[in-house]
Amino acid sequence: MTRPDRPLTPKSAPDPTPTLGELEAQESHLVFPRFTHDDAWALGSLLVELARERQAPVAIDIHRAGQQLFHAALPGSVPDNDAWIARKRRVVERYGSASYLVGARFRAKGSTFEDSSRLDPDTYAAHGGSFPITVEGVGVIGAVTVSGLPQLQDHRLVVEALERFLGKGKGKEQ
């Protein structure tokens, strides 16, 4: 039997869903030494750059201590993305954890956030895309949020930007 000159095109595997442990490790790993207005601008600009590279139709938001420090709406995003940003950010503010992780914790218990949290789903959404801004020795001071992609992709875009910004991406010294 002869082999083809080139390998067969592999079937694309589904994107693996991160475990609770992996999500919790992201949070403990992605901690800022400080977080200033300039940091918000730089992180937000990095997210815009990454989203533009992917032609992602997203809105991006960074809040610290109740103040919006950065906001951008890229082509293809819609006003509803801003409502999703607010709902996901409120989950981070209430639980001190990434909105995707909060939703995953409810799913791990065999329920959903909407069914078990007793919070208004028009005000809170435990869907991926909002990640806590945690400062070393201080705790959670804000959130960086993306809306416009499927929830796991929103989450991963934020995590990738944080890893790059903090110099903790794959292949970098930790």
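## Close-up views

**View 1. The buried residues of helix 4 pack against helix 1 (20-29), helix 3, helix 5 (113-116), strand 3 (130-135) and helix 6.** This is a predicted model, in which local features need pLDDT of at least 70 and side-chain atom pairs count only at pLDDT 80 or more, while totals for chains, interfaces and linings use all residues. Residues are numbered from 1 along each chain as its sequence is written, and side-chain values use heavy atoms, with hydrogens and water left out. Helices (DSSP runs of H or I, at least four residues) and strands (runs of E, at least two) are numbered from the N terminus. Contact here means heavy atoms within 4.5 Å. Buried stands for under 20% relative accessible area and exposed for over 50%, with partly exposed in between (1.4 Å probe, protein chains only). Seven of the ten residues in helix 4 are buried, so this helix is largely enclosed by the rest of the structure. Those buried residues are Ser99, Tyr100, Leu101, Val102, Gly103, Ala104 and Phe106. After helix 4 comes Gly110, which has a positive phi near 85°.

**View 2. Here is the whole protein, with its six helices and four strands.** Of the 174 residues in the protein, 44% are buried. Among contacts between residues at least 6 apart in sequence, 66% join residues at least 24 apart.

**View 3. Helix 3 packs with helix 4 (residues 99-108) at an angle of about 75°.** Two packed helices are described by the angle between their axes and the distance between the axes. The axes are lines fitted to C-alpha atoms, for helices over the stretch in contact, and the angles run from 0 to 180 degrees between N-to-C directions. For this pair, the axes are 8 Å apart, and the angle makes helix 3 roughly perpendicular to helix 4. By convention, angles under 35 degrees count as roughly parallel, over 145 as roughly antiparallel, 65 to 115 as roughly perpendicular and the rest as oblique. Helix 3 brings Lys88, Val91, Val92 and Tyr95 to meet Ser99, Val102 and Phe106 of helix 4. Sorted by class, this contact has five nonpolar, one polar and one charged residues. In this sorting, Ala, Val, Leu, Ile, Met, Phe, Trp, Tyr, Cys and Pro are nonpolar, Asp, Glu, Lys and Arg are charged, and the others, Gly among them, are polar.

**View 4. Zoom in on Val91, a residue of helix 3 (residues 79-95).** Val91 is buried, with a relative accessible area of 0%. Leaving aside neighbours within four places in sequence, Val91 is in contact with Gly96, Ser97, Ser99, Val102, Phe113, Tyr124, Ala125 and Ala126. Val91 and Ala126 are 35 residues apart along the chain, and their C-alpha atoms are separated by 6.2 Å.

**View 5. Helix 2 (residues 37-53) and helix 6 (residues 151-166) cross at roughly 125°.** Their axes come within 10 Å, and the crossing angle makes helix 2 oblique to helix 6. The crossing of these two helices is right-handed. A crossing is right-handed if the near helix is turned clockwise from the far one by less than a right angle, and left-handed if anticlockwise. On the helix 2 side, the contact is made by Asp39, Ala42, Leu43, Leu46, Leu47, Leu50 and Ala51. By class, the contact has eleven nonpolar, no polar and three charged residues.

**View 6. His155 sits in helix 6.** His155 is buried, at a relative accessible area of 3%. Beyond neighbours within four places in sequence, His155 is in contact with Leu23, Gln26, Ala98, Tyr100, Gly128, Gly129 and Phe131.

**View 7. Thr145 belongs to strand 4 (residues 139-147).** At 0% relative accessibility, Thr145 counts as buried. The side chain of Thr145 makes a polar contact with the side chain of Ser130 at 2.7 Å. A polar contact is a pair of N or O atoms within 3.5 Å; within protein, one must be able to donate a hydrogen and the other to accept it, and residues adjacent in sequence count only if both atoms are side-chain atoms. Not counting residues up to four places away in sequence, Thr145 touches Ala59, Ile60, Asp61, Ile85, Lys88, Arg89, Gly129 and Ser130.

**View 8. Ala65 lies in the loop between strand 1 (59-64) and strand 2 (67-73).** Phi of Ala65 is near 50°, a positive value in a residue other than glycine. Ala65 counts as exposed at 72% relative accessibility. Arg118, in the loop between helix 5 and strand 3, has a positive phi near 65°. Arg118 is exposed, with a relative accessible area of 80%.
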